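Please walk through this structure with me, in plain terms.

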Amino acid sequence: MANNSHPLPFHPHGYEHQHLLGGPASEILLRSNDDSNDTRLTPLQLGRLELYELIPFTAVFGMQLKSKNVVKAFKSINSDVQSVESSYDTMHMQSDAKRRETESLLAELDAVSMVNRPLILAIIVSGLSQFLVGYNTAALNVSHEAIFANHTTWQWSLAVSAFALGGLLGVYASSGMESYGRRKSILITSFMYFVGSLMQLFALSIISITLGRLVTGVASGISTVIIPLYLGELAPPTLRGTLGTIIQFCYALGILMSNVLVYQFANEQSWRLIFFLAIGVSTILSLCCSCLVESPRWLIKQDPNSNRARKIIKQLRGLRYSHEVDTEISHMIHASQIQSCDQAGEQIRNMMQEKRIRKLLMCAVFLQIAQQLSGANAVFYYSSFIFEGFIDGRPALYTVMIGVANFAATFVASVIMERSNRRKLILCSLVSMCLSLAAFVLSTQGYFNKSLSVCFLVCCVTSYAIGLGEFSILTYTYDLVVCIVSISHQVN
C-alpha cells in the first residue's frame, strides 16, 4: 500500500491521525504534534474523545441540535473505517469478520447515549431544582393587598426584588462551594429552598417574606450555576443538549405552576398555600439528593486516581473493563484541560485581544444586559400588580395567560432556534418586543382598548421566550465557552 493514511472526520486539537500498518484496521494512532506521547485509540474511543472536546461540560439550552450534529459526524466515522478496512481486509480479514466488527462498533456507539438509574435520578433532581427557581420567581406575582395589606409599595417592591438580590449573591457564592462538591452543593441549596419557603409560609410580616425571598434567591442563584454543570458532568456528551432543554422546560413549568396557584389562592385567607408546594418540592429534592452520585469530573479534579470516580464512571457509562474506564477518564481530563477557565483574568485578556472572540464576548454580555432591560422580568414579577386597577377582571387570570404563553414559547424555541438563523431570531425578537411594549403603553393611555393590553404583553413575553430570553450566548467556542458563559451569567 503506497498510501497508508486516511482522512477521518475528527481531528482533536493538537493531534493528527495515522493508520497503523501492523495492527487491526480498526485501530488509530493518535499522535500529538510534539510526539511526546503516543496512544492507540479505536474509532469509538477517538470519537468519544472528540465529543468530550467539542461539547462543554454543561447542560445548556440551545445545544441540542449541535450535539446531534456532532453525534451524526461521530457515526460517520464508521464509513471511513469501512473504507480503510476494505483494502486491508483483502489480505488479512474475511468479510463476515469485518461485518461483525462493524456491528460491534455501532453497538458500542449506541451505548454512549445510555440512560441509567443514577442519571435518571440526577435529571429528576435537576428538574426539581430548576422548577423551584421558576416557581419562586413568580411566587409573589400577586395583588400586593393579598399579603399583609398594611405594607407600603416600597416594602412590597423590596420583598419581590429580594429574590433577584439573593440570586446575585448565590451566583458568587457558588464559586466558593467548589470544595464541597456538586452533590453537597445541591443538598445545601435544597435545604435553603426548604428554609426560605418555610419562612414565607409562616411569615408574621412583610419583613419575614422579604427574608424568605432572599434565602430562596440565594438558593436559586447557586442552582443556576451548579445544576447545569452537575448534569453536564454526569451525562454523556451526546445527551447534554437534550438535558439542557429539559431543565429549561422545568424552569418555565415552575413559572406557570406558580401563576396557576396564585390565581387560585391569592387572597388574605389562603395565600400561604402558595408556599406550601415549594416546601413539598424542596422536601422531595432533599430526599433525592441523598441518593445522588458525585460528579466524576469533580472527583477526578480533586484526585486523578480516585477509585470512587472510577466506580461512578463505570456505573454511568455501563463499562465492563478497567482499561475502558481509564480511557474515559483520560477523555475527561483532556477535555477539561481544553475547556479550562481556571485563570479567568488571563483568559479575559486573551479574549479581548482577539477581535473575533472579543466580538463574541461582547455580544454575550450585551445580550444578558438586554434580557434585564427588556422589561420581560418586570412582567414575570409584577404582571398582577400592573393589571390591578387598570383592567377589569382578575389580574391573576391574565398572569396565567402570560405563563402559558411563556411555556408554549419555550417549546417553540427548542424546535426553531437551532434550525434558524440565530441573529435574525434575536433581531426579530427585539423588534417584536419593542412594538408590543409600545402598543401596551399606548393602550394604557387610551389609544387602544384596554383589554388588548393583555394581548400585547402576551406577545411581548412570547417574543422574549422565542428569541432574546433563550440565547445566553450566540454559539460556543470550545476552550472559551466556559469563560464566556460564566462572564455573561454574572452580568445577568
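A salt bridge is a side-chain nitrogen of Lys or Arg within 4 Å of a carboxyl oxygen of Asp or Glu. Side chains of opposite charge can pair when their charged atoms come close. A search of the whole structure finds five salt bridges.

The model is predicted: local features need pLDDT of at least 70, side-chain atom pairs count only at pLDDT 80 or more, and totals for chains, interfaces and linings use all residues. Residues are numbered from 1 along each chain as its sequence is written, and side-chain values use heavy atoms, with hydrogens and water left out.

Confidence comes before detail. The chain has an average pLDDT (the predictor's confidence in each residue, from 0 to 100) of 75, and 67% of the residues score at least 70. Helices (H or I, at least four residues) and strands (E, at least two) are DSSP runs, numbered from the N terminus. Where pLDDT is low, the predicted coordinates should not be read in detail.

Now to the individual salt bridges. Glutamate 178 and lysine 301 meet through their side chains at 3.8 Å, N to O. Glutamate 178 lies in the loop between H5 and H6 and lysine 301 in helix H10 (residues 296-302), so this pair ties together parts that are 123 residues apart in sequence. Terms for exposure are set by relative accessible area: buried means under 20%, exposed over 50%, and partly exposed in between (1.4 Å probe, protein chains only). Lysine 301 is exposed because its relative accessible area is 54%, whereas glutamate 178, at 26%, counts as partly exposed.

Another salt bridge joins the side chains of arginine 297 and glutamate 233, at 2.9 Å, N to O. This pair links distant parts of the chain, with arginine 297 in helix H10 and glutamate 233 in helix H7 (residues 206-234), 64 residues apart. Arginine 297 has a relative accessibility of 18% and therefore counts as buried. Glutamate 233 is buried too, with a relative accessible area of 0%.

Aspartate 326 and arginine 310 form a salt bridge at 2.4 Å, N to O. Aspartate 326 is in helix H12 (residues 322-338) and arginine 310 in helix H11 (residues 307-317), so parts that are 16 residues apart in sequence are tied together. Aspartate 326 is partly exposed at 38% relative accessibility, and arginine 310 is partly exposed at 24%. Through shared partners, salt bridges join Glu178, Arg182, Glu233, Arg297 and Lys301 into one network.

Helix H12 also holds serine 322, which is partly exposed with a relative accessible area of 45%. The C-alpha atom of serine 322 is separated by 9.9 Å from that of lysine 311, eleven residues apart along the chain.

The next topic is the interior. A nonpolar core is a set of buried Ala, Val, Leu, Ile, Met, Phe, Trp, Tyr and Cys residues joined through side-chain atoms within 4.5 Å. The largest nonpolar core has 65 residues, of which Leu140, Ile147, Ile186, Ile209 and Leu292 touch the most other members. H7 gives the largest share of this core, ten residues. Beyond its neighbours within four places in sequence, leucine 292 is in contact with Leu121, Ala122, Val125, Arg183, Ile186 and Tyr230. Another core, of 22 residues, lies apart from the largest one and includes Val379, Phe390, Val454 and Val458.

Asparagine 259, in helix H8 (residues 240-265), is buried at a relative accessible area of 3%. Its contacts, leaving aside neighbours within four places in sequence, are Ala138, Asn141, Thr399, Val400 and Gly403. Serine 429, in helix H17 (residues 422-444), is buried at 4%. Not counting residues up to four places away in sequence, serine 429 touches Ser463, Tyr464, Gly467 and Leu468.

Note on methods:
Contact = heavy atoms within 4.5 Å.
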